[in-house]
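User: Could you walk me through this structure, starting with how the helices pack?

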Amino acid sequence: MTNPRTTLRRQQLARSFILLAFALFIAHLSRSGTLHYYIAPKMEPWLRYSAIPLTAMSLSLAWEALFRSASPACGCEHHDAPASPLKNAAVYTLFLVPLLLGVVMPDQALGSMAADQKGMQLSSPALNAEHLSDIFTAPDKYNTEFAELAKKLYPQDIIEVKP
């Protein structure tokens with residue numbers, strides 16, 4: 001049987017690693033300019049600056065796990081090591097799977113060219129010119145130009161969208 005203090009230290013190091021991984025992932029997304037693929041634009045500054053406290057918490061946990069000799073456990077259930085390794089694995093997996101998916105998956109939106117390569121059809125082939133004029137009607141004189149532009153763009157095979 002393992003020492004409860006050793007188990008607690010191992011868990012603190014695992015938590016420290018997960019926090020540091022999230023902080024580094026946020027910093028990577030922020031530097032590469034791809035943070036907007038994951039969150040709303042209004043939340044970007046908040047998430048960008050959250051990497052700093054995440055790093056501080058990670059370093060604090062690692063310091064406590066590696067260099068603190070006295071046990072911080074006060075005897076309450078909060079500080080005790082969970083009894084089930086399966087429960088621990090399930091909890092850590094909840095944090096690691098999104099992190100791993102964020103690292104493995106590409107940082108880009110699924111554009112019309114990629115959708116075309118996957119075999120997706122994003123437009124209806126049954127629409128012809130008279131149907132387009134029924135769909136894209138301008139509600140007022142200020143939107144007439146936009147309705148005409150929509151009639152020209154809709155039949156095109158690929159519309160490249162750049163952020």
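Analyst: The axes of helix α1 (residues 4-32) and helix α3 (residues 85-104) come within 11 Å and cross at roughly 20 degrees, where axes are lines fitted to C-alpha atoms, for helices over the stretch in contact, and angles run from 0 to 180 degrees between N-to-C directions. That makes α1 roughly parallel to α3, since angles under 35 degrees count as roughly parallel, over 145 as roughly antiparallel, 65 to 115 as roughly perpendicular and the rest as oblique. This is a predicted model, in which local features need pLDDT of at least 70, side-chain atom pairs count only at pLDDT 80 or more, and totals for chains, interfaces and linings use all residues. Residues are numbered from 1 along each chain as its sequence is written, and side-chain values use heavy atoms, with hydrogens and water left out.

User: Which residues in α1 and α3 meet?

Analyst: On the α1 side they are Gln-11, Ala-14, Arg-15, Ile-18, Ala-21, Phe-22 and Phe-25, and these meet Asn-88, Tyr-92, Phe-95, Leu-96, Leu-99, Gly-102 and Val-103 in α3, with contact meaning heavy atoms within 4.5 Å. By class, the residues of this contact divide into 10 nonpolar, three polar and one charged; Ala, Val, Leu, Ile, Met, Phe, Trp, Tyr, Cys and Pro count as nonpolar, Asp, Glu, Lys and Arg as charged, and the others, Gly among them, as polar.

User: And at what angle do α1 and α2 pack?

Analyst: α1 and helix α2 (residues 44-67) pack at an angle of about 160 degrees, with their axes 8 Å apart. That makes α1 roughly antiparallel to α2, and their contact has 14 nonpolar, six polar and five charged residues.

User: How many helices and strands does the chain have?

Analyst: The chain has six helices and zero strands, where helices (H or I, at least four residues) and strands (E, at least two) are DSSP runs, numbered from the N terminus.

User: What about Ile-26, buried or exposed?

Analyst: Ile-26, which lies in helix α1, counts as buried at 7% relative accessibility; buried means under 20% relative accessible area, exposed over 50%, and partly exposed in between (1.4 Å probe, protein chains only). Not counting residues up to four places away in sequence, Ile-26 touches Leu-47, Arg-48, Ser-50, Ala-51 and Leu-54. Ile-26 and Ile-52 are 26 residues apart in sequence and 9.9 Å apart in space, C-alpha to C-alpha.

User: Which residues make up the largest nonpolar core?

Analyst: That core has five residues, namely Ala-21, Phe-25, Leu-29, Leu-35 and Leu-99, and helix α1 gives the most to this core, with three residues. A nonpolar core is a set of buried Ala, Val, Leu, Ile, Met, Phe, Trp, Tyr and Cys residues joined through side-chain atoms within 4.5 Å.

User: What is Leu-35 in contact with?

Analyst: Leaving aside its neighbours within four places in sequence, Leu-35 is in contact with Leu-29, Glu-44, Leu-47 and Arg-48.

User: Where is Thr-34, then?

Analyst: Thr-34 sits in the loop between α1 and α2 and is buried, with a relative accessible area of 12%. Not counting residues up to four places away in sequence, Thr-34 touches Leu-29 and Asp-107.

User: What share of the whole chain counts as buried?

Analyst: Of the 163 residues of the chain, 19% count as buried.
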